[in-house]
Amino acid sequence: MKKVIFIIFLLILALNSWAQTEGASNSGYNPGAVYQYSGSLTGTQQLKIRTYIWGQVRNPGLYIVPDDTDLLTLISSAGGPTENAKLSKIRIIRTTEEGDKVIWIDLKEYLETGQAELIPVLKPGDTVIVSGSTYYAFTKAVNWLSQIAVILSVYVAISTISN
């Protein structure tokens, strides 16, 4: 009986770790209120916008930034990219009157050339997605497969004990 309880405990533990995934919550963003007044900075009025950054940055989430903020500043505000970030394929999803538009940015090229025109200025409601590298995707797949193997091992152990 103790073996069955132990195996069930292992199964619950494996399923719990398998079910934990990274997610994002809906922030209740109101596109009608895209600008926010933040008072004055050095005697000039400053408007702020809401932007989102997801993926391979240290602190993803909603950021309220000055309306002239560029992509590099937002990534830096989010703690910078993680070691798993694929800097050559950063997406900006921008909502326009014509619909959603996807803008691809190669931040790696900027880091190599220093060309400031490669870094776009953000617009209200932009969502920046910093994808993971191929190595990151591979490690996630291997992790998933190892969790499946643990579940199958527990199943085989239970089947063996039952017989």
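These are my notebook entries on a predicted model of one protein chain.

**Entry 1: ground rules.** I number residues from 1 along each chain as its sequence is written. In this predicted model, local features need pLDDT of at least 70 and side-chain atom pairs count only at pLDDT 80 or more, while totals for chains, interfaces and linings use all residues, and side-chain values use heavy atoms, with hydrogens and water left out.

**Entry 2: confidence.** I looked up pLDDT, the predictor's confidence in each residue, from 0 to 100. Its mean over the chain is 84, and 75% of the residues reach 70 or more. Over residues 21-33 the value stays under 50. For that stretch the model has 10 contacts (heavy atoms within 4.5 Å) beyond four places in sequence.

**Entry 3: layout.** I took helices (H or I, at least four residues) and strands (E, at least two) as DSSP runs, numbered from the N terminus. The chain has four helices and six strands, and their order from the N terminus is α-β-β-β-α-β-β-α-β-α. Of the contacts with a separation of 6 or more, 53% are between residues 24 or more positions apart.

**Entry 4: burial and surface.** I used relative accessible area with a 1.4 Å probe and protein chains only: under 20% is buried, over 50% is exposed, and partly exposed lies in between. Buried residues make up 27% of the 163 residues. Accessible areas come from the Shrake-Rupley method with a 1.4 Å probe, and for residues only the protein chains shown count as cover. The chain exposes about 11,000 Å², of which carbon and sulfur atoms supply 59%.

**Entry 5: salt bridges.** I counted a salt bridge where a side-chain nitrogen of Lys or Arg is within 4 Å of a carboxyl oxygen of Asp or Glu. The count comes to two.

E83 is in the loop between α2 (71-77) and β4 (85-96), and R58 is in the loop between β2 (44-55) and β3 (61-66), so that the pair links parts of the chain 25 residues apart. E83 counts as exposed because its relative accessibility is 63%; R58, at 47%, counts as partly exposed.

Another salt bridge joins the side chains of R94 and D126, at 2.7 Å from N to O. R94 lies in strand β4 and D126 in the loop between α3 (107-113) and β6 (127-132), so this pair ties together parts 32 residues apart in sequence. Are R94 and D126 buried or exposed? Both are buried, R94 having a relative accessible area of 13%.

**Entry 6: around R94 and V121.** V121 sits in the loop between α3 and β6 and, at 41% relative accessibility, is partly exposed. Besides R94, V121 touches D67, D68, T69 and D70, not counting residues up to four places away in sequence. The C-alpha atoms of V121 and D68 are separated by 6.3 Å, although the two are 53 residues apart along the chain.
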